[in-house]
Amino acid sequence: MKKNWWKILSLILLIYTIIGGLLFKVPRLPILNETIRNLYFHVCMWFGMMLLYIVSFVYSVKYLLGFQYQNDIKASNFAKVGSWFGILGYLTGIIWVSVTWTTQQGQTLATVLKEPKLIGAAIALLIYGAYFVLRGSFTDIDKRARISAVYNIFAFVMLFPSIWIIPRLVGSLHPGAPGSDSGNPALNRNDLDENMRMVFYPAVIGWTLLGVWIATLKIRLQILKDKKILN
Amino acid sequence: MNKKVFALLKKDVLLEFRQQHTFYGVLLYIAATIFVMYLSLSESPNAEIWNSLFWVIQLFVCVNAVAKSFIQENKGRMLYFFSIASPGEFITAKIIYNVFLMLFMSIVSLGLFYLFLGKPVINEIQFIGIVLLGGIGISLVFTLMSAIAAKAQQNAALIAILGFPVILPQLLLLMKMSKAAFAEVFKEGAFMQLAGLTCLMDALVFIMALILFPYLWKD
């Protein structure tokens, strides 16, 4: 029970997020209207994705330091769940786009796809797609673990400058684009309404914990399957 | 250290002179692709399309030029290098060699682009500078990718899959910078900022290669 408190916390926070997210008061803004509630789901997916990728990166570094097979299992499974969060981020984004940018602001698919944040997410998903392809091309387990850890570390380190650079190169529809009042293209605390923060921060924590939970389940399953190799 | 790097470099250059088919193969690849583009376009493309075509071709040329650098080394020879040089020296020699190869190929493809697809570039010296800077960056990334892909069996296609998402931000930077040479007006100092950023990314890739390559080459 002592070890599982965070799973219960995750469940409580997510129940709170769904109830609070759908019922609490939100500011009435033009174009956004009630869709603003998607913030509690869409943005949290990206937070979860980045965090899971960071954990995966850390385990890859750990693998190269000690060559323990458990760390490779952890790295690959955190990356897998991170990619699922990325895809869910896209799906929730599509819902949001379809009722705001494309209908109200008259954007076409072509302009939406050139969004810097979509490019950043696409690069991240492509990198991890390549990571899984690379993993699939080995038959030797040790070799697979070692080479894919190298690629994971390299790609992850390269991902950060790109997420930092691209929003400053391309104009954006997302809040905080260059030229709008808010200034910081990454994330601006002042953009968010007081009431929404009450739900948003717990939502981020709740979704991230859920991601970690799923990943740990997958890892335990994989370790059970590979018990013979792990001796 | 420097002596060994130089010796390894010399070995690569000598190999290139003795097995010239790969070198001419890449040259022919450049010529053939640009010629196909020349035939498929009814008139010279405008500056923007010219720019994007140029950088995409650079990317594929690099994949082809750099791809063989680790694949040509068979297992026995790698073991020999392992016993005479450190991984840092080995990857440094490979990177220097590939950078020079790519710089040469970049100049060749630039010349062919001028010849076949017209010349929208206004500030020539600046554009050549950008092309060389881009050549360095692209070849750095793909050298490391080819080292990774050489460890897996199906390598040529894998290099492209592994490298493209990583190189994309740098490519966008280069395309943006090239617009300065097409007479697009930049903010004061913005161009140097972009150039500095590209150099920083190159340094980052080089450092990562030095750190990570030792894990790649021992089997």
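Which helix of chain B is the place of B:Met102? Select B:Met102 and you land in helix α5, residues 87-117 of chain B; helices here are DSSP runs of H or I with at least four residues, strands are runs of E with at least two, and both are numbered from the N terminus.

Before moving on, a word about the model. It is predicted, so local features need pLDDT of at least 70 and side-chain atom pairs count only at pLDDT 80 or more, while totals for chains, interfaces and linings use all residues. Residues are numbered from 1 along each chain as its sequence is written, and chains are lettered from A and ligands numbered from 1 in the order in which they are written.

**Stop 1: around B:Met102**

Is B:Met102 buried or exposed? B:Met102 counts as buried because it has 26 C-beta neighbours inside 10 Å. The cut-offs are 20 or more other C-beta atoms within 10 Å for buried, 12 or fewer for exposed, and partly exposed in between, with C-beta atoms placed from the backbone. Now show its contacts, meaning residues whose C-beta atoms, placed from the backbone, lie within 7 Å. Leaving aside neighbours within four places in sequence, these are B:Cys62, B:Ala65, B:Val66, B:Gly135, B:Ile138 and B:Ser139.

**Stop 2: α3 against α5 in chain B**

Select residues 47-71 of chain B to bring up helix α3, which packs against α5(B) at an angle of about 145° with the axes 9 Å apart. Axes are lines fitted to C-alpha atoms over the stretch in contact, and angles run from 0 to 180 degrees between N-to-C directions. Residues to color on α3(B) include B:Trp50, B:Phe54 and B:Val61, and on the α5(B) side B:Leu101, B:Met105 and B:Phe113 are among them. By class, this contact has 12 nonpolar, 5 polar and 1 charged residues. Here Ala, Val, Leu, Ile, Met, Phe, Trp, Tyr, Cys and Pro are nonpolar, Asp, Glu, Lys and Arg are charged, and the others, Gly among them, are polar.

**Stop 3: zoom out to chain B**

Chain B has 8 helices and 0 strands. Its C-alpha atoms fill a box of roughly 55 × 40 × 30 Å along the principal axes. Of its 219 residues, 37% are buried.

**Stop 4: where the chains meet**

Show both chains: the contact takes 22 residues from chain B and 24 residues from chain A. On the chain B side, α6 (124-151), α7 (155-181) and α8 (190-217) each supply at least two residues, and α7(B) gives the most, with 10 residues. That side of chain B has 18 nonpolar, 2 polar and 2 charged residues.

**Stop 5: the nonpolar core**

A nonpolar core is a set of buried Ala, Val, Leu, Ile, Met, Phe, Trp, Tyr and Cys residues joined through C-beta atoms within 7 Å. The largest one has 106 residues, and A:Ile127, A:Ala155, B:Val141 and B:Leu162 are among those with the most contacts inside it. Its largest share, 15 residues, comes from α6(B). Center on A:Ala155 next: leaving aside neighbours within four places in sequence, A:Ala155 touches A:Ile127, A:Tyr131 and B:Val166.

**Last stop: A:Phe67**

Finally, select A:Phe67, in the loop between α2 (39-66) and α3 (69-99) of chain A. A:Phe67 is not a glycine, yet its phi is positive, about 55°. With 14 C-beta neighbours inside 10 Å, A:Phe67 counts as partly exposed.

Methods. Two residues are in contact if their C-beta atoms, placed from the backbone, lie within 7 Å.
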